[in-house]
Amino acid sequence: MSFRLLIRPLTQTRSFSTTLPSRLASVTQKTATESLSAAALHAGTPMRNDWTREEIQAIYDSPLMDLLYYGAKVHRENFNGREVQQCTLLSIKTGGCTEDCKYCPQSSRYKTGVKAQKLLDSDEILYAAQRAKDAGSTRFCMGAAWRDLAGRKSNFNKILDHVKVIRSMGMEVCCTLGMLNEEQAKQLKDAGLTAYNHNLDTSREFYPKIITTRTYDERLETINNAQKAGISVCSGGIIGLGEKEEDRVGLLHTLSTLPQHPESVPVNALLAVPGTPLEKQEPVSVFEMVRMIATARIVMPKSMVRLSAGRVRFSIPEQALCFMAGANSIFTGDKLLTTPNNEMNDDKKMFEILGLVSKPPNFEQGSDRKEIPVYQMPKCFKPRKEDSSEA
């Protein structure tokens, strides 16, 4: 009996609160909603090009683990999470550029050891394209260190021929040749060009501190000319130039508010080259890349996000974080124009370890797309109300 009396009080102390379960649920729900990050709130929203800079800044500032998770979530809602596009970039005309881009070793204004060369022979270009295809690349990009195509009619005609031949190999074809006018863009489209690369590099505000020989609006005009011609646009930027985080957000804001999102968005980490004005810039961390990639993935959900220049500095586990965050494209080959890149054998090993597979070529891009992207109406849009009296 005494034993039972002893244990009774202990049993009675194990009582629960009299708060109704429904009230507990509502309090829990409110707390959870209030604690959601911007990455969580915006992941999975309809594709839109009316983002505000403040919205993108909030996504970018989300806790890193949240940002990584929701970047991965959006990625897998729009793409096969294991597929990674392999691209090869060849410098078909190296050095001697008249521009003053402070990061670029090909500028004639800096002593970097890069010598000016003529346009490569056709056989050399086409052989490189075939080797790239044999190695697993599905996109071949030709880059020339030119400001624009003025006075280069002969070389431009050769490039148009190369586009036709490489497209016939069953590869996507991309070019980056400097500024384009409407007619040149149309000629490239007619030749079969898949995409045109023209990076914005950074935000409009920070841009004049990096380049003075070409305006931001001139870059946007080239992007517009390519898109009007029905060519997919590849446009991104570089982090590690000395910019602030708000400049990275500014770049993503400009890209995500274009009339059409770029087909692909390269995210480059500066590789500081001796002899350039930025030679002493500190390299960015992989977490800065992850933050940039995941934010790009959330605000441009259907664009390819390319883990581009600077990848050579990152280990396989670090690159895995970038793929998890939403990157699904890389450049393969031991060189990116004039800077080092990961060896093909190293990439093959990485694909095997991570279980990645090569993304097949996509020829339904630009004006060849079956489905035209639909963007959410701008917030300022107010549909006209029908007058019931006219029914």
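Which residues line the second largest cavity? Start there.

**Before you select**

This is a predicted model, in which local features need pLDDT of at least 70 and side-chain atom pairs count only at pLDDT 80 or more, while totals for chains, interfaces and linings use all residues. Residues are numbered from 1 along each chain as its sequence is written, and side-chain values use heavy atoms, with hydrogens and water left out.

**Stop 1: the cavity**

Select Arg167, Lys189, Leu193, Thr194, Gly230, Phe363, Gln365, Gly366 and Asp368; they line the second largest cavity. A cavity is a set of points, on a 1 Å grid over the protein atoms alone, where a 1.4 Å probe fits but cannot get out; lining residues have an atom within 4 Å of a point. Its volume is about 40 Å³. Volume here is the space filled by probe spheres set on the points, with grid points joined across faces, edges and corners. The lining has 2 nonpolar, 4 polar and 3 charged residues. Ala, Val, Leu, Ile, Met, Phe, Trp, Tyr, Cys and Pro count as nonpolar; Asp, Glu, Lys and Arg count as charged; the others, Gly among them, are polar. The whole structure holds 3 cavities of 30 Å³ or more.

**Stop 2: H7 and H8**

Now show helix H7 (residues 153-168) and helix H8 (residues 182-191). Helices are DSSP runs (H or I, at least four residues), numbered from the N terminus. The two pack at about 30 degrees, axes 8 Å apart. Axes are lines fitted to C-alpha atoms over the stretch in contact, and angles run from 0 to 180 degrees between N-to-C directions. H7 and H8 are therefore roughly parallel (under 35 degrees). Select Phe156, Leu160, Val163 and Lys164 in H7; they meet Gln184, Gln187, Leu188 and Ala191 in H8. Contact means heavy atoms within 4.5 Å. The set divides into 5 nonpolar, 2 polar and 1 charged.

**Stop 3: H6 and H7**

Pick Ser122, Ile125, Leu126 and Ala129 of H6, then His162, Val165 and Ile166 of H7. These contact residues are 5 nonpolar, 2 polar and no charged.

**Stop 4: H4 and H11**

Finish with H4 (residues 53-60) and H11 (residues 286-299), packed at about 135 degrees with axes 9 Å apart. Select Ile56, Ile59 and Tyr60 of H4 with Arg291, Met292, Thr295, Ile298 and Val299 of H11.

Technical notes. 1 Å grid on protein atoms, 1.4 Å probe; cavity = no way out; pocket = protein on both sides within 12 Å on 5 of 7 lines; lining within 4 Å. Parallel < 35°, antiparallel > 145°, perpendicular 65-115°, else oblique.
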